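Good morning, and thank you for joining.

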Amino acid sequence: MGLFADGRLTPYYEDRGRYDSHYRDYGLSQTQVTMTNSKNTFTIPVVSPPGATLKELIDEWGMSQQEVAVRLGKLPKDVSLLFAGRLRVTPDWAERLELVTGLSRGFWLRRQESYDEYLKREEAKPLAEREWDNWASLF
(Lines give C-alpha, C1' and ligand atoms only; values in the text may rest on other atoms or scores of the structure.)
Protein backbone atom coordinates (compact mmCIF):
# COMPACT_ATOMS: atom_id res chain seq x y z
CA MET A 1 0.00 0.00 0.00
CA GLY A 2 1.69 3.13 -1.20
CA LEU A 3 5.03 1.41 -1.81
CA PHE A 4 7.12 0.70 -4.87
CA ALA A 5 8.34 -2.88 -5.29
CA ASP A 6 11.73 -1.90 -3.84
CA GLY A 7 10.10 -0.56 -0.65
CA ARG A 8 10.33 3.16 -1.42
CA LEU A 9 7.24 5.24 -0.67
CA THR A 10 5.14 6.34 -3.65
CA PRO A 11 5.50 9.99 -4.66
CA TYR A 12 2.18 10.81 -2.99
CA TYR A 13 3.52 9.95 0.42
CA GLU A 14 6.85 11.68 -0.23
CA ASP A 15 5.01 14.92 -1.06
CA ARG A 16 1.83 14.34 0.94
CA GLY A 17 1.49 17.83 2.38
CA ARG A 18 1.24 19.39 -1.04
CA TYR A 19 -1.61 17.14 -2.17
CA ASP A 20 -3.44 17.34 1.14
CA SER A 21 -3.44 21.12 1.00
CA HIS A 22 -4.38 21.17 -2.68
CA TYR A 23 -7.19 18.65 -2.67
CA ARG A 24 -8.06 18.62 1.03
CA ASP A 25 -9.32 15.13 0.28
CA TYR A 26 -12.64 16.46 -1.00
CA GLY A 27 -14.22 15.69 -4.32
CA LEU A 28 -13.89 18.73 -6.50
CA SER A 29 -17.32 20.07 -7.33
CA GLN A 30 -18.02 22.27 -10.32
CA THR A 31 -15.70 25.24 -10.32
CA GLN A 32 -16.68 28.51 -11.92
CA VAL A 33 -14.34 30.75 -13.86
CA THR A 34 -15.77 34.23 -14.32
CA MET A 35 -14.60 36.60 -17.03
CA THR A 36 -15.86 40.18 -17.05
CA ASN A 37 -15.56 43.03 -19.49
CA SER A 38 -17.34 46.39 -19.46
CA LYS A 39 -20.59 44.99 -20.91
CA ASN A 40 -20.81 41.28 -20.19
CA THR A 41 -19.99 38.68 -17.57
CA PHE A 42 -19.37 35.11 -18.72
CA THR A 43 -19.30 32.20 -16.31
CA ILE A 44 -17.54 29.12 -17.64
CA PRO A 45 -17.95 25.80 -15.82
CA VAL A 46 -14.66 23.95 -15.35
CA VAL A 47 -15.33 20.27 -14.80
CA SER A 48 -13.24 17.25 -15.66
CA PRO A 49 -13.66 13.51 -15.25
CA PRO A 50 -11.93 11.88 -12.26
CA GLY A 51 -9.58 10.15 -14.69
CA ALA A 52 -8.15 13.55 -15.63
CA THR A 53 -7.11 14.03 -12.00
CA LEU A 54 -5.44 10.62 -12.00
CA LYS A 55 -3.68 11.44 -15.28
CA GLU A 56 -2.30 14.69 -13.81
CA LEU A 57 -1.01 12.84 -10.75
CA ILE A 58 0.75 10.07 -12.64
CA ASP A 59 2.25 12.53 -15.12
CA GLU A 60 3.65 14.52 -12.22
CA TRP A 61 5.00 11.36 -10.61
CA GLY A 62 6.54 10.15 -13.88
CA MET A 63 4.54 6.93 -13.94
CA SER A 64 3.42 5.22 -17.13
CA GLN A 65 -0.13 4.16 -17.89
CA GLN A 66 1.09 0.55 -17.88
CA GLU A 67 2.56 0.93 -14.39
CA VAL A 68 -0.68 2.46 -13.09
CA ALA A 69 -2.68 -0.39 -14.62
CA VAL A 70 -0.46 -2.96 -12.90
CA ARG A 71 -0.74 -1.19 -9.55
CA LEU A 72 -4.52 -0.94 -9.90
CA GLY A 73 -4.85 -4.54 -11.04
CA LYS A 74 -6.68 -3.36 -14.16
CA LEU A 75 -6.09 -3.52 -17.91
CA PRO A 76 -4.25 -0.60 -19.56
CA LYS A 77 -7.29 -0.17 -21.84
CA ASP A 78 -9.53 0.37 -18.79
CA VAL A 79 -7.11 2.96 -17.39
CA SER A 80 -7.16 4.74 -20.75
CA LEU A 81 -10.97 4.78 -20.72
CA LEU A 82 -10.90 6.17 -17.18
CA PHE A 83 -8.52 8.95 -18.26
CA ALA A 84 -10.91 9.87 -21.08
CA GLY A 85 -13.96 9.94 -18.82
CA ARG A 86 -15.60 7.03 -20.63
CA LEU A 87 -15.34 4.68 -17.65
CA ARG A 88 -16.98 5.56 -14.33
CA VAL A 89 -15.26 5.38 -10.96
CA THR A 90 -17.09 2.63 -9.09
CA PRO A 91 -16.56 1.76 -5.40
CA ASP A 92 -14.09 -0.96 -6.50
CA TRP A 93 -12.13 1.50 -8.63
CA ALA A 94 -12.22 4.06 -5.80
CA GLU A 95 -10.69 1.59 -3.34
CA ARG A 96 -7.93 0.69 -5.78
CA LEU A 97 -7.26 4.38 -6.55
CA GLU A 98 -7.01 5.09 -2.83
CA LEU A 99 -4.31 2.44 -2.43
CA VAL A 100 -2.31 3.78 -5.38
CA THR A 101 -2.69 7.54 -4.87
CA GLY A 102 -3.37 7.90 -1.15
CA LEU A 103 -6.43 10.04 -1.91
CA SER A 104 -9.48 8.63 -0.16
CA ARG A 105 -12.14 6.41 -1.68
CA GLY A 106 -14.65 9.19 -0.92
CA PHE A 107 -12.58 11.71 -2.88
CA TRP A 108 -12.77 9.60 -6.03
CA LEU A 109 -16.47 8.84 -5.62
CA ARG A 110 -17.27 12.54 -5.07
CA ARG A 111 -15.24 13.46 -8.16
CA GLN A 112 -17.32 10.98 -10.18
CA GLU A 113 -20.57 12.30 -8.70
CA SER A 114 -19.62 15.90 -9.56
CA TYR A 115 -18.75 14.89 -13.11
CA ASP A 116 -22.03 12.95 -13.50
CA GLU A 117 -24.00 15.99 -12.29
CA TYR A 118 -22.19 18.17 -14.81
CA LEU A 119 -23.02 15.76 -17.64
CA LYS A 120 -26.70 15.74 -16.60
CA ARG A 121 -26.80 19.55 -16.64
CA GLU A 122 -25.20 19.57 -20.07
CA GLU A 123 -27.73 17.06 -21.42
CA ALA A 124 -30.61 19.12 -20.02
CA LYS A 125 -29.52 22.26 -21.91
CA PRO A 126 -31.36 23.07 -25.13
CA LEU A 127 -29.47 21.96 -28.23
CA ALA A 128 -28.78 25.54 -29.36
CA GLU A 129 -27.16 26.39 -26.01
CA ARG A 130 -24.97 23.24 -26.12
CA GLU A 131 -23.88 24.08 -29.66
CA TRP A 132 -23.06 27.65 -28.56
CA ASP A 133 -21.00 26.36 -25.62
CA ASN A 134 -19.10 24.00 -27.93
CA TRP A 135 -18.43 26.78 -30.41
CA ALA A 136 -17.42 29.24 -27.67
CA SER A 137 -15.00 26.73 -26.15
CA LEU A 138 -12.93 26.86 -29.34
CA PHE A 139 -11.67 30.33 -28.44
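Let me begin with a definition: a salt bridge is counted where a side-chain nitrogen of Lys or Arg lies within 4 Å of a carboxyl oxygen of Asp or Glu. As background, side chains of opposite charge can pair when their charged atoms come close. Please bear in mind that this is a predicted model, in which local features need pLDDT of at least 70, side-chain atom pairs count only at pLDDT 80 or more, and totals for chains, interfaces and linings use all residues. Residues are numbered from 1 along each chain as its sequence is written, and side-chain values use heavy atoms, with hydrogens and water left out.

The structure holds seven salt bridges. One of them joins D59 and K55, at 3.0 Å from N to O. Both residues belong to helix α3, residues 50-61, and sit four residues apart, about one turn of the helix. Helices here are DSSP runs of H or I with at least four residues, numbered from the N terminus. On accessibility, buried means under 20% relative accessible area, exposed over 50%, and partly exposed in between, with a 1.4 Å probe and protein chains only. D59 is partly exposed at 45%, and K55 is partly exposed at 33%.

R96 is partly exposed, at 28%, and D92 is partly exposed, at 34%. Through salt bridges with shared partners, K74, D92 and R96 are joined into one network.

Where do the partners D116 and R88 lie? The closest N and O atoms of their salt bridge are 2.2 Å apart. D116 is in helix α7 (residues 105-124) and R88 in the loop between α5 (76-84) and α6 (91-101), so the pair ties together parts that are 28 residues apart in sequence. R88 is partly exposed, with 47% relative accessibility.

Turning to the aromatic rings, Phe, Tyr and Trp (its six-membered ring) pair if their centres lie within 6.5 Å; planes under 30 degrees apart count as stacked, over 60 as edge-to-face and the rest as tilted. By this rule there are two aromatic pairs. One of these, F107 with W108, is edge-to-face, with 5.0 Å between centres and 85° between planes. Are these two residues buried or exposed? Both F107 and W108 are buried.

Thank you for your attention.

Methods. Helices (H or I, at least four residues) and strands (E, at least two) are DSSP runs, numbered from the N terminus.
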